[in-house]
Amino acid sequence: MSRDMLTYNVHEGNLEAMVHGYRDALLRVDEYNNLCQCDNLSDLKSQLQVTDYGNFLQQESALTTRIIVDKAQEVMVRQFREMRAWSEPPLCDFMDFISYEHMISNVLKLIIAKRSGRSNLELLTKCHPLGLFPELPTLLAATDVREMFEVVLVDSPVGRFFSADGFERDLDELSVEFIRGMLMKNYYQQFYDFCYELGGETREVMCPLLDAEADRLVLTFTLNTLGVREITPADRRRVFPNLGSLVDIHDDIAESENDEQLRDRLRRFPTYYDLLDDSRSIDTSNKKSIERRFVELSVVLYSDAMTRQFQYGIFYAYVKLKELEISNLQWISDCVVQQIRNRLHEYVNIVAQV
């Protein structure tokens, strides 16, 4: 069970103060504006030195976007691991769930590489540092995806997400999209159950957040598989988590054959109906991708979670917001390198809501 208000500050008050300090150090509007004025990556480095990132690029002479992203991720991972090291149960278990998502993502990268015939240690450098675990390098020695599970993954921190539905028997035949969907379904369901059992403010904050993540999985998986003959409505339904605001119409969503049909079945859910309603924008150049719209909707939820006290959702929300900030750095860096100045300001705004 999670702490009540009388005991929370004794056990987690210092960590909550720490994560709020990290939140307050997220890049501000004026700092983003300064970054967007840079002519090259050296200018970008100079601008970042006067932010909370400080001299994190001091040892780097030949800058690239990849180096900037990697070093920014190191900053985030260092913050996360420091908080994880100081945490006690059940917060340490909660923070492990945050890292599980990145472990799943890293495993999927290696599965894709294995299927394409690429399996070398260089692939590990492309894995997210928050999702590294001891068994990960061993996956490269497996002959196929099935062996990845039988020899390594079954005893790894993410083995529980593979075996939850028994779909590991068909790993070599299933599409990567389907494997990703099944893993995230199991992840969200187990994380939701954990937060629900914690109760208190953590349940009040995290369960709606995970409901929204589940809805996002349902809609994006459906959109990505429309017109894909190999993915049947039954396959889609198998991927949908047993949570979220769309649970009652999962069968209808799974049966959708095109965008219009899917949108029509979301009329009772204004937020998602509007999200998918591209027809409202006359100027097609201003239309945003569905993924971008979901991200912007999530930012509001994460920012709200950061305002609530005596609950663990602040740690989840901060990591998500920090990841978006790093994605913004990647976007701005790429635009600077490619001299696409008219698109510099198309980063995700996480500042106004924080």
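The questions and answers below go through those topics in turn.

Guide: This is a predicted model, in which local features need pLDDT of at least 70 and side-chain atom pairs count only at pLDDT 80 or more, while totals for chains, interfaces and linings use all residues. Residues are numbered from 1 along each chain as its sequence is written, and side-chain values use heavy atoms, with hydrogens and water left out.

Visitor: How are H5 and H8 oriented to each other?
Guide: Helices (H or I, at least four residues) are DSSP runs numbered from the N terminus; the two here are H5, residues 91-115, and H8, residues 176-198. Their axes, lines fitted to C-alpha atoms over the stretch in contact, lie 11 Å apart at an angle of about 170°, on a scale from 0 to 180 degrees between N-to-C directions. Angles over 145 degrees count as roughly antiparallel, so H5 and H8 are roughly antiparallel.

Visitor: How many residues of the contact of H5 with H8 are nonpolar?
Guide: Contact means heavy atoms within 4.5 Å, and the residues that meet include Phe-94, Phe-97 and Ile-104 in H5 and Leu-183, Tyr-187 and Phe-191 in H8. Nonpolar covers Ala, Val, Leu, Ile, Met, Phe, Trp, Tyr, Cys and Pro; charged covers Asp, Glu, Lys and Arg; polar covers the others, Gly among them. The contact has 4 charged residues, 1 polar residue and, for the class asked about, 17 nonpolar.

Visitor: What is the distance between the end C-alpha atoms of H8?
Guide: The expected span of a helix is 1.5 Å times one less than its number of residues. For the 23 residues of H8 that gives 33 Å, and the distance in the model agrees: 33 Å.

Visitor: Which element gives the largest share of the lining of the largest pocket?
Guide: On a 1 Å grid over the protein atoms alone, a pocket is an open set of points with protein on both sides within 12 Å along at least five of seven lines, and lining residues have an atom within 4 Å of a point. The largest pocket holds about 1,500 Å³, a volume being the space filled by probe spheres set on points joined across faces, edges and corners. Its lining has 44 residues, with Glu-101, His-102, Ser-105, Arg-216 and Glu-323 nearest the centre. The largest share, 7 residues, comes from H9.

Visitor: Which helix gives the most residues to the lining of the largest cavity?
Guide: A cavity is a set of points where a 1.4 Å probe fits but cannot get out, and the structure holds 1 of 30 Å³ or more. The largest cavity has about 70 Å³ of space, and its lining includes Leu-209, Arg-216, Tyr-272 and Phe-294. H9 and H14 each give two or more residues to that lining; the most, 5 residues, come from H14.

Visitor: At roughly what angle do the axes of H9 and H14 cross?
Guide: Residues that meet include Leu-209 and Ala-212 in H9 and Phe-294 and Leu-301 in H14. The two helices are roughly antiparallel. Their axes come within 11 Å and cross at roughly 175°.

Visitor: Which residues does a cis peptide bond join?
Guide: Most residues other than glycine have a negative phi, and most peptide bonds are trans. Phe-310, in the loop between H14 and H15, has a positive phi near 55°. The cis bond has an omega of about 5° and joins Pro-89 and Pro-90.

Technical notes:
Angles under 35 degrees count as roughly parallel, over 145 as roughly antiparallel, 65 to 115 as roughly perpendicular and the rest as oblique.
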